[in-house]
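Student: I would like to learn how to read an interface between two chains. Please take me through one.

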There are 2 protein chains.
Amino acid sequence: MAAWEPIWQDLCAYVCETALLQSTKELLEWDERTMMPQRAGEYRAEQISILSGMIHHRQTSSRLGDWLARLAETPLTNDPHSDAGATIRQVRRDHERLSKVPAPLVKELARASVLGQQAFVRARKQGQFALVEPNLQHIVALKQQEAEAIGYEDTPYDALLDEFEPHVKTSHLSQIFSEVAEALVPLIHTISEAQRQAPTQILRRHYPESQQRRFGRQVAELIGFDFSRGRLDVTDHPFCAGMGPDDCRITTRYDERFFSSAFFGILHEAGHGIYEQGLRTEQYGLPPGTFTSLGIHESQSRLWENFVGRSGAFWLHCYPIAQQFFRVALGDASVDDFLFAINEVRPSLIRVDADEATYNLHIVIRFEIEQALIRGDLRVGDLPSAWNAKYRQYLDITPLDDRQGVLQDIHWSAGLFGYFPTYSLGNLYAAQFIDQAKSELDDLDESFSRGEFGTLRQWLREQIHQHGQRYTPEELVEKVTGGPLSHRPLIDHLYRKLGPLYGFS
Amino acid sequence: MAAWEPIWQDLCAYVCETALLQSTKELLEWDERTMMPQRAGEYRAEQISILSGMIHHRQTSSRLGDWLARLAETPLTNDPHSDAGATIRQVRRDHERLSKVPAPLVKELARASVLGQQAFVRARKQGQFALVEPNLQHIVALKQQEAEAIGYEDTPYDALLDEFEPHVKTSHLSQIFSEVAEALVPLIHTISEAQRQAPTQILRRHYPESQQRRFGRQVAELIGFDFSRGRLDVTDHPFCAGMGPDDCRITTRYDERFFSSAFFGILHEAGHGIYEQGLRTEQYGLPPGTFTSLGIHESQSRLWENFVGRSGAFWLHCYPIAQQFFRVALGDASVDDFLFAINEVRPSLIRVDADEATYNLHIVIRFEIEQALIRGDLRVGDLPSAWNAKYRQYLDITPLDDRQGVLQDIHWSAGLFGYFPTYSLGNLYAAQFIDQAKSELDDLDESFSRGEFGTLRQWLREQIHQHGQRYTPEELVEKVTGGPLSHRPLIDHLYRKLGPLYGFS
C-alpha cells in the first residue's frame, strides 16, 4: 500500500462526514420552508447556525489542509478529471477559498445577511427601499472585503462570481451577455409590433388546485423525477433541495387562476431534481457526486421547463392528458392556441414571471448593477433609480414602485452577489445541450410526442449528471458540445419557436 | 462575580448547544417517520448516527466532568429544586450514567438495536419468532452488561428502569403492580360476566378520514394543543416529538372503519404535546425545561385521553359537534350508547388496542417477563411460551400465533428494557393527578361540559409542566398530591366509571 493511501481514505471519510452535516442542514432548511410551525423560526435559526459553524470549521481545518498538501504530488492527481483527481482539486479549492476569508468576516456576513433578509421583507411590505438601504450598504461593504480577501486577477466581482460559477470570468460573461442583449432587444421589439397576440386568457381560467397537483406530479414522473427518491411540496418560493443520495425534494406554489405558475414551476424544479437524482449515489458528498455549478444546475431545470415543456412535441402527448384533468378550462381550447399562450413573449417587470426571451434581459440588468455596486461605481442610495433606468433601457418599461422594481428579489439582501448571472447561463447552456442532444439522438421530438423522455434523460445523465464536478462548467460545455459557451443556440431557438407563432422569420 | 459564575455560564451554554444537536436529531427522526422518501432510509441512518455520536461525545466529555466537579460545592447546589440546583444534579446524573458505559458497548448496543428492529420486522412479517431470537439473545446479553456497568443496589433491572423512570425501584414497582393486578383481575372478571354489552358497533361505522382529520384537529386545539407551535401528521405508529421550544409534533393514523383509533390517539398525543408546550421555553435544553420522566409524560397523555376524553362531561360538549362531523355514523346514536361504547372493557391480545382497564395487565405481563430475562431466569428461546402463559394467567386468553403474542411490540428488539412499566405508571399518576385537580378546582366536570379545558391545563402547567426536571417523578407526585404513588385512585376511577355502565357497584 502506498504511503498516501491511508491519507486518501481519511480525506474521503472526512469529506463524507461533513456532507452528513451539510445534508442535515439542508433538511433543517427544507423543513423551515415547508413544514415548520409558525413560531419555531428563532430556534431553527440557532440549529442551522450551529451546523453551519461546524461545517465551516471542518472545511477550513488544518487537518484537512495537511492531508491536501500531502496528496498534492501523488498519482491521485495525475488525471484531474478522474474521481480522485477531481476530489482533491475541488476539496482544495473550497478549503483555500474558505480559509482566505477571516472568521470575523464570515460571522459578520452571516449575521448581516440574516438581518438583511429581515429588513428586505419589511422594506418590501411597506414599499420603502430606505428600510433596507443601510443593510445593503453594509452588505456591499462586506462583500467588497470578501472579494479582496479571496483575491482576483481582473475585477473584485470575479471573486464573487467564482463561488457560484467556478472559473467563469466577468469579462467573458460581459461579452456573452451583451451579445444576448443585442440579439434579444430587436427580437422583443419585433414581437411587440406583431399583429398576432397570444391567447393567454386560456391560462387564466379556473384550474382546481387538486387537479394541478395530480397533473403536475404525473408529468414530473413522466419526465423522470423519481418519487421513491424525492417529494413534491408547497412553498411560496419554489426550490429544489437535496438532502441525501436518495432524497431530493422539490416544491411549487399553486394559483387556481393561472395554469403556468405551478406547472412550469414543477417542470423546472423536477429538472433540477433529475440532475440531483442523476448524480452517482456512491459518490454522494464527494465532488464527483456533486453538481458542478449553479449555471449547469439551472441548465437542467430550464431544459425541461422550456426546451421540452414548452415544445409542440411535448404537448402532442401531454395536451390530451391536460384536457382530461382540466375539462372545463381546456375543453374548447386547441393545442395550437394553448402552445401560443404558454410561449407568449411580453416585457414585464417581475423576473420570476418573465417569459423565456425577456427573462435574460432581467438578468443582464442585475448583472450590470451588481458589478457597479461591487466596483463602487454605484452608491446603494442610487440603486432604485439605476434599476428603473435599466428597465427603460432594456425592456422599455418603468416600475411604478420599488416593489415592482428593486424590492422584488431578496438575493442582494441575503448577501448573494454573482448569483443572478447563473440563471441566464442556465438558459444558454440548456440551448447548447439540447442542440447537441438532437444532433446525437434520432427523432428526439418524435419520442417526446410519444411521451417518451428516457432517451434524453439518459443522454443528460451520461453527458452531464454522472460527471458531477469532474469537469468545470466551461470544460463540460466544451466536452459535451464540442465548442465554448455561446449565445447563438439560445437566440436561434427563440427565433425558430417564436417566428411561426408571431408570424415573422 | 464569584469564581464559579463563568463556569456556570459555560456549562449552560454547552448543554444548550448539545440540545441544538439533540433537537436536530429529533427532526431527522420525525422526518424519517412522516415525510422521507421511501429509498432514503440508509443515508438517514448515517445522519442520525453521526449526530448521536456527537451528542454522546459531548455528554461524556471530560470538560463537562470538570465543570460539574467545580460547581459541586457552590451555592448553586444549595437548593436541589432550584433551576441551577436541578440543572447541575441532572446534567451530572446523565454525565455519570453515560460515562459508566464503555464506548464499545454503546456502539454495539446501537448496532444491535438497529439490526434487532430489522429482524423484528422480518420475524413479525413471517410470524416466526426464531428470526429475531438470536438478535434478542445478543441484546439481552448486552443489556445485562450495561446494567452491570451502570451498577445497582438490588437487581440489575433497576439500572435499566432508571433510564426511563429515574429513581424508581423494581421492588417498589413490583409491589404497586401486584396491587394493580389483584384489583383488576376481579374487576375484569365481573365485567365479563355482566349482562350488559357495550354497543361498540357504533364505533365501527364509516368515519370519513377527512372528517376525522378536521374533528381531531379541532378537539386537539380545544383542549389546548397550540398549532402555531406544533403540527399533526400521519404515521403508522403514532408518537409525539419535540424539536425546539416552539416546535412539538404529534402524529396519528386513520381507520375509516373505527372511530377510536385516530381520535383517542390524537387526544393521547396532544396530551404529550401539551406537556411539552407547557415546559418553560426559556429553559429549553436545560433540565428545568425538560420532561422529568416517561411515566410523568405518559400521565399527561393518559389524563387527556382517558380521564378527560372518555368522560361524560367531555362528551356533553363534544358529542353534538361529533354528530355534525359524522352525521351518517352518529346521527341515530345516543350519547349514552356512545359513551358506553368508547369505555368498553374486554380482554384482548394486542396492547395498543387494549381498553383503559386491561391495558395495565398487558404491562404487568411485560414487566414480569423483562425482569426475568435480565435476571437470566428466562431464556430468550422460552419467551413465546412464557408470554402465552402470562396471557392465560392474567387475561384468560391465549394468542393464536406469535404475531398476536410476543411479536407485537418492537421495544425489546430495539434494546428498550425498563420502558414498558412507564406506560402503566402514566395511568397511575394520571389518576392521582386528576383526583387532586378535582379536589382543588371547583366544578371541573362542569367546565368540561362547556368545552372549557383551560383551567385544568393551567393547573397541570403550574403543578407539573413548569417544573421540568426540578423534581424526580416520586418527588413530584408527593408534591402535587401530598402522597406517594398509589394504585387506589386508578382502581377507584375504573369502578366509578365502569360500575354504572356495566351495572355493578
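Tutor: Start with charge pairs: across the interface of chain B and chain A the rule finds 6 salt bridges. A salt bridge here is a side-chain nitrogen of Lys or Arg within 4 Å of a carboxyl oxygen of Asp or Glu. One of them joins D31(A) to R249(B), with 2.8 Å between the closest N and O atoms.

Student: What should I know about the model and its numbering?

Tutor: This is a predicted model, where local features need pLDDT of at least 70 and side-chain atom pairs pLDDT 80 or more, while totals for chains, interfaces and linings use all residues; side-chain values use heavy atoms, without hydrogens and water. Residues are numbered from 1 along each chain as its sequence is written, and chains are lettered from A in the order in which they are written.

Student: What area is buried between chain B and chain A?

Tutor: The size of an interface is often given as the accessible area lost when the parts come together. Here about 2900 Å² is buried (1.4 Å probe, summed over both parts), and carbon and sulfur atoms give 63% of that area. L20(B), R39(B) and Y43(B) supply 22% of what chain B buries against chain A, more than any other three residues.

Student: How do I read the faces of a strand?

Tutor: In a regular strand the side chains alternate between the two faces of the sheet. In β3(A), a DSSP run of E (at least two residues), C248(A), I250(A) and T252(A) lie on one side and R249(A) and T251(A) on the other.

How values were computed: Buried area is the accessible area (1.4 Å probe) that two parts lose on being put together, summed over both. Buried means under 20% relative accessible area, exposed over 50%, partly exposed in between (1.4 Å probe, protein chains only). Helices (H or I, at least four residues) and strands (E, at least two) are DSSP runs, numbered from the N terminus.
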